[in-house]
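Colleague: I would like to learn how to read a few features of a model, one at a time. Could we begin with burial and ring pairs?

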Amino acid sequence: LDRQPAVAFELRLVEERSLQAAWNRHLAATVRIPADEVEAVLAANPGAFSKPRRVRVHNIYKHFPHGATAEDRAAVRRRMEEIRAELLAGGDFAAIAAAESDSETRYRGGRMGTFGRGELPPALDAVVMGLEKGEVSGILETADGLTILMCDGVFEAEAPGPDEARAKIEANLLRLRRRDNLQRVQEEILDRSGLEIDTAAAIDPVAEGDQVVATFGRHSLTRAELDQLSAARRPAGAPPIPLDEPLVRQTVEAHVVTVLSAEAARDAGLDTEDVRAGIEIQRQRVLATQELRRRVDLRLVEPTDEEIEEHFEAHRGELLHPEEVDLMMVDLAFTDETLRSVHAEATAACDAVASGAASFEEAFRSLASPGGGVAPKRAVTLTPLEIAGYGVEISNAVRGLAPGEVSRPIRRGDRLWVVQLVDRRPARPLGLEEAAPTVRRRLGQERVDALTDLITTEILAEQQISIVGQPG
């Protein structure tokens, strides 16, 4: 097996990556931070690593309707006064937030986050910093609505001593200096490598596996090896990604750095006995996996159509097409300076959609203009698993929407998202034809697992194993 090209390449990678790690550790060990540099940083940042007082805050928010009259605003305030009275009487803040709040924080019981002084708008900051744990604020007016805040926890200020601050400064400088040094050395390796890439052959879907797609120094890389490297970079179970020029260059350059770093490690005498022992253990694991796979393949029998149908009939209730939702989505870029204005524009657009004054497309057309820093609006069909990929905030927002409803602006990183639920289709049973590929994979994996356990047991039964010596 170790002479099969794919396995031989994987075994070479085991050695080269272990030696690359030894080389990287060697480079890291050469970096030193002079004491006077640490002192200079400490002198320039006397409050380094001090933690200010922070307050964990929950909120209940109600927005004023778009174009609200004085009577409309008064009605919103009356309802907020009723809510505050209920809270002061011992009402469950999370439950009330979920039922009453117009903020996306309602999906997490009103939790806004933890804030220090100056991190919230001035009107809110002054109130939040004065709250104690369990205390409920009065009714606060913002540009577009009313809010009630509740302090859920207080974290008092902390200040490390000089020695602790010096240690942290040195650790941070070391981390940054080592990163920069490693990046510089890797760039030098690439510059000296003489790397040449045949991009056409690398992305040609019908190229032969032994076609050379890259050369560097005395080394070469074939198309089959490139495919193997690309597959190894994908998360387990992820579908193949078609090779394009940027992906080819990224994959090849990473391989060049690995191979030439391993050579540098050998030249520096870093292939020590301990490193070699680690390499040998990893080689054994690779070969053991390949041998188990070979033995399983020799004895594996594919499920028959009759077995697939029998399994389908016995597990009809489990074989479902997942729930799907049709969504309209838009995300709006902002900076610290534009957050409030972008949020206000997005909220006004949400109100227009919610009131029926405009469709989602109409309300966000101006915000999604080219060059405006805003992703175009789009309609998508997603399963719950796919929605989860957008983050918990959006996932929770979608879960709480009825068809036709639009979320409030949802902040994720440096963007505000707005989602409208167009339609929701429940999970439905699969027919035999639809379910057959899933059943085939399921039965196949069950047989692979069973054969792996059986073969492992057989291998162990052939051995005479004794443990020499006493623990400890």
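Colleague: Is Phe-364 buried or exposed?

Modeller: Buried means under 20% relative accessible area, exposed over 50%, and partly exposed in between, with a 1.4 Å probe and protein chains only. Phe-364 has a relative accessible area of 0%, so Phe-364 is buried. Phe-360 is buried too, at 1%. Both residues lie in helix 13 (residues 360-364), 4 residues apart, which is about one turn of the helix. Helices here are DSSP runs of H or I with at least four residues, strands are runs of E with at least two, and both are numbered from the N terminus.

Colleague: What should I know about the origin of the values?

Modeller: This is a predicted model, in which local features need pLDDT of at least 70 and side-chain atom pairs count only at pLDDT 80 or more, while totals for chains, interfaces and linings use all residues. Residues are numbered from 1 along each chain as its sequence is written, and side-chain values use heavy atoms, with hydrogens and water left out.

Colleague: How is a pair of aromatic rings described?

Modeller: By the distance of the centres and the angle of the planes. Rings of Phe, Tyr and Trp (its six-membered ring) pair if their centres lie within 6.5 Å; planes under 30 degrees apart count as stacked, over 60 as edge-to-face and the rest as tilted. By this rule the count is 2 aromatic pairs. The ring centres of Phe-360 and Phe-364 are 4.7 Å apart and the planes stand at 35 degrees, so this pair is tilted.

Colleague: Which arrangement do Tyr-390 and Trp-417 have?

Modeller: Their centres are 5.6 Å apart and their planes at 80 degrees, so the pair is edge-to-face. This pair links distant parts of the chain, 27 residues apart: Tyr-390 is in the loop between helix 14 (384-388) and helix 15 (392-399), and Trp-417 is in strand 12 (residues 415-425). Trp-417 is buried, with a relative accessible area of 9%.

Colleague: At what angle do helix 8 and helix 9 pack?

Modeller: Axes are lines fitted to C-alpha atoms, for helices over the stretch in contact, and angles run from 0 to 180 degrees between N-to-C directions. Helix 8 (residues 223-232) and helix 9 (residues 245-267) pack at about 95 degrees, with axes 10 Å apart.

Colleague: Which residues of helix 8 and helix 9 meet?

Modeller: Contact means heavy atoms within 4.5 Å. Leu-226, Leu-229 and Ser-230 of helix 8 meet Leu-247, Val-248, Thr-251, Val-252 and His-255 of helix 9.
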